[in-house]
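Please read them beside the coordinates.

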Amino acid sequence: MLNKIISEENIQKAKKLALHYDKIVIVTHQAPDGDALGSSLGLYHFLKQFGKKEVQVIVPNDYPAFLHWMPGTKSVINAEWQGRNAEFAIASADLIFCLDFNTLKRISQLENPVRQSKAKKILIDHHLSPEDFCDVTISHPEISSTSELVFRFICRMGMFEYVNEPCAECIYTGMMTDTGAFTYNSSSYAIYYIISELLQKGIDKDAIYSRVYNQCKEGRVRMQGYVLYEKMKIFDEYKTSLITLSEEEHLRFNPERGDTEGFVNIPLSMEKIVFSAFIREDKGIIRISLRSKGTFPTNRFAAEVYDGGGHLNASGGEFLGTLAEAVRKFEEALPGYRDLLE
Ligand code: 5GP
Ligand code: MN
């Protein structure tokens with residue numbers, strides 16, 4: 001049996017809303033990752049299978065090429081390209097699920113439409129400190145993926161029978177990508193109990209792994225070599241590494257969306273490194289990705305230095321300014337964290 005995490009009160013309140021309403025929108029955070037899309041499409045397939053006809057997934061912008069295979073992506077509205085459709089769907093919804101984000105600023109241009117919508121709202125998320133904007137807030141930072149929470153939510157409503165294979169594939173993908181293919185935040189037995197349930201729904205977990213991780217273009221692999229050989233700076237004193245990549249450098253490698261994903265994790269494979277940062281220029285915006293091993297709080301660093309956030313071992317943020325300025329900010333901040341990096 002799966003242990004109970006979500007409170008009975010939240011399950012009953014959310015179930016009542018889910019049963020009652022028909023025009024349902026599911027929104028997730030900007031730059032959607034495997035868990036954002038996995039939880040959203042997992043819930044989408046479940047609701048369709050249950051018999052809901054008008055369910056719409058909306059993403060603020062595009063997601064990496066290695067997620068395009070996921071079942072249901074063709075029906076997703078990308079608000080960057082179909083802004084009016086997105087706003088119309090949100091304005092006409094009577095129930096909105098907010099998945100894998102804790103504050104409305106994480107859905108960028110969809111923030112105001114969602115805030116102003118009169119629809120009932122249900123948040124399902126695993127980031128710390130959720131903003132209080134929903135009728136039901138299912139927030140569990142101790143759970144490694146929102147996809148796992150969606151699975152738990154479905155089971156606790158007594159609706160496991162409506163989890164079909166596409167739903168199971170999406171949920172598995174989110175659980176896998178938010179744990180680095182079950183290499184961190186993945187020691188709870190419940191994860192493997194859930195996986196066994198998903199396998200019984202017919203998923204091929206090895207094929208999913210391959211679709212996500214083994215479909216890189218040549219440019220990405222060469223770029224990986226380049227950033228590690230030429231662009232990685234080690235701060236031995238602080239057990240820290242920093243990789244930077246300018247737009248011009250990125251463009252040399254025939255880039256596609258999401259192809260720098262995972263670079264930030266590689267320096268952590270060195271014994272001496274506990275904190276790894278990747279700062280890159282992306283269409284004029286500076287994006288910061290932070291990862292750590294052990295107890296170093298990347299979310300504190302992200303919040304204090306870049307007004308970002310995230311989890312203890314994986315965080316991010318954006319910086320308005322030049323790449324050089326973002327790097328200077330990083331290097332100036334580092335000594336302030338000396339005690340935590342010993
Ligand atoms: P990534 O490095 O994969 O872009 O982000 C890692 C994690 O950091 C995400 O799962 C998310 O929790 C958090 N994160 C990334 N960017 C931002 C941001 O701009 N603001 C906040 N609050 N969190 C972020
Ligand atoms: Mn997540």
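1. S276 touches S241, V264, P267, L268, S289, L290 and R291, leaving aside residues up to four places away in sequence; contact denotes heavy atoms within 4.5 Å. The model is predicted, with local features requiring pLDDT of at least 70 and side-chain atom pairs pLDDT 80 or more, whereas totals for chains, interfaces and linings use all residues. Residues are numbered from 1 along each chain as written, chains are lettered from A and ligands numbered from 1 in the order written, and side-chain values use heavy atoms, without hydrogens and water.

2. S276 belongs to strand β9 (residues 275–282); strands (E, at least two residues) and helices (H or I, at least four) are DSSP runs numbered from the N terminus. S276 is buried at a relative accessible area of 0%, where buried means under 20%, exposed over 50% and partly exposed in between (1.4 Å probe, protein chains only). Its side chain reaches the backbone oxygen of V264 at 2.6 Å.

3. D35 is buried at 0% relative accessible area, and D100 is buried at 1%.

4. In helix α5 (residues 146–156), 10 of the 11 residues are buried, so the helix is largely enclosed by the rest of the structure. Just after α5, G158 adopts a positive phi of about 75°.

Conventions
A polar contact is a pair of N or O atoms within 3.5 Å; within protein, one must be able to donate a hydrogen and the other to accept it, and residues adjacent in sequence count only if both atoms are side-chain atoms.
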